[in-house]
Amino acid sequence: MATLEIKNLHVSVADEEANQPKEILKGVNLLMRTGEIHAIMGPNGTGKSTLSETIMGQPAYQVTQGDILLDGESILEMPVDERARRGLFLAMQYPAEIQGVTNAEFLRAAMNARRTEANQIGVMEFLTTLDHNLALLNMDEAMIERYLNEGFSGGEKKRNEILQLLMIKPAFALLDEIDSGLDIDALQVVSKGVNSLRGDQFGALIITHYQRLLKYIVPDVVHIMMDGRIVKTGGAELAKQLENEGYAGLRDEFNLSVDLMDEN
Ligand SMILES: Nc1ncnc2c1ncn2[C@@H]1O[C@H](COP(=O)(O)OP(=O)(O)OP(=O)(O)O)[C@@H](O)[C@H]1O
Ligand SMILES: [Mg+2]
């Protein structure tokens, strides 16, 4: 079993207008184990993507306090590629386009990065795994010879993130709004992909706004993030409650400001 632990995490970004850093995460605590699926829900702008980008090591996000531990070891000083090598994976809310690198080249390099020098993946094994996963995701083979995400539709990008996930098989996947912009069929396909990885070698943190994704990928734990903190943690029923009641009750409960309510 692997663990990913977020301890009292405070994160700031440079705020050019104010000419001083702006604090986004204000003390986040979270413990995940492989074998578990966690979901994070919360209003726009509360820091969900900031959390996932910070865990992955995006340099724009500055950790000012707290720690991120993978199997008990701090990863704060590690660059993104080292974090990926150790088993972290981020499906971004807005996947980037990479010119000049085909999807297939990217996938093979990413898979090999997780393996030792002596155990690099062979062509046949790569193609067999790829065929299997393309079929699982109902994806067109032509997609893999295209440059990464270049000209992909929104839904194609999301589906492609899941293809990467299935090929790379990380220990922990951070899935940021993997359901946004998906049609009903794609939502089911993407969910099938994530569910196929479920097991004691895999954990996921799913960021979503909607209960509908969590109908297909039933989470073990649901966290509500508001104003840079996790304010409530519960089981799958918490997502249903939220869908019915919205965030208003929680704001009252946690005395969050009226400004924040207006923003969202
Ligand atoms: N690189 C950045 N530079 C400046 N501000 C940032 C940066 N990244 C995030 N922020 C700010 O931090 C806050 C939290 O943003 P974040 O993207 O983490 O929210 P979110 O919870 O993912 O929202 P959404 O549900 O809309 O995706 C926002 O006010 C955003 O403008
Ligand atoms: Mg976001």
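Author: Helices (H or I, at least four residues) and strands (E, at least two) are DSSP runs, numbered from the N terminus. This is a predicted model: local features need pLDDT of at least 70, side-chain atom pairs count only at pLDDT 80 or more, and totals for chains, interfaces and linings use all residues; side-chain values use heavy atoms, with hydrogens and water left out. Residues are numbered from 1 along each chain as its sequence is written; chains are lettered from A and ligands numbered from 1, in the order in which they are written.

Reader: What is the mean pLDDT of the protein?

Author: pLDDT is the predictor's confidence in each residue, from 0 to 100. In this protein, 96% of the residues reach 70 or more. The mean is 92.

Reader: Is H38 buried or exposed?

Author: H38 sits in strand β3, residues 37-41. Buried means under 20% relative accessible area, exposed over 50%, and partly exposed in between (1.4 Å probe, protein chains only). H38 has a relative accessible area of 2%, so H38 is buried.

Reader: What distance separates the C-alpha atoms of H38 and H223?

Author: Beyond its neighbours within four places in sequence, H38 contacts L30, L31, M32, A204, L205, I206, V221 and H223. H38 and H223 are 185 residues apart along the chain. Their C-alpha atoms are separated by 7.5 Å.

Reader: Which residue forms a salt bridge with K26?

Author: A salt bridge is a side-chain nitrogen of Lys or Arg within 4 Å of a carboxyl oxygen of Asp or Glu. K26 has its closest N and O atoms 2.9 Å from each other in this pair, and the partner is D227.

Reader: How many residues apart are K26 and D227?

Author: K26 and D227 form a salt bridge. K26 is in strand β2 (residues 20-33), and D227 is in the loop between β9 (221-226) and β10 (229-234). These are distant parts of the chain, and the pair links them across 201 residues.

Reader: Which residues is T46 in contact with, leaving aside its neighbours within four places in sequence?

Author: T46 is found in the loop between β3 and α1. At 2% relative accessibility, T46 is buried. Its contacts are I24, L25, M225, M226, D227 and G228.

Reader: How many salt bridges does the structure hold?

Author: One of them pairs E36 with R33, the closest N and O atoms being 3.2 Å apart. E36 is buried at 17%, and R33 is partly exposed at 32%. The structure's total is 8.

Reader: Where does E125 lie?

Author: E125 and R115 meet in a salt bridge (3.2 Å, N to O). R115 is in the loop between α3 and α4, 10 residues from its partner in sequence, and E125 lies in helix α4.

Reader: Which residues do salt bridges that share partners join into one network?

Author: The pair of E125 and R115 ties together helix α4 and the loop between α3 and α4. Elsewhere, bridges with shared partners make one network, joining E73, E82, R85 and R86.

Reader: What phi does N149 have?

Author: Most residues other than glycine have a negative phi. N149 lies in the loop between α4 and α5 (154-168), and N149 is buried at 2%. Although not a glycine, N149 has a positive phi of about 65°.

Reader: What phi does D71 have?

Author: D71 belongs to the loop between β4 (62-70) and β5 (73-74). D71 is not a glycine, yet its phi is positive, at about 50°.

Conventions: Contact means heavy atoms within 4.5 Å.
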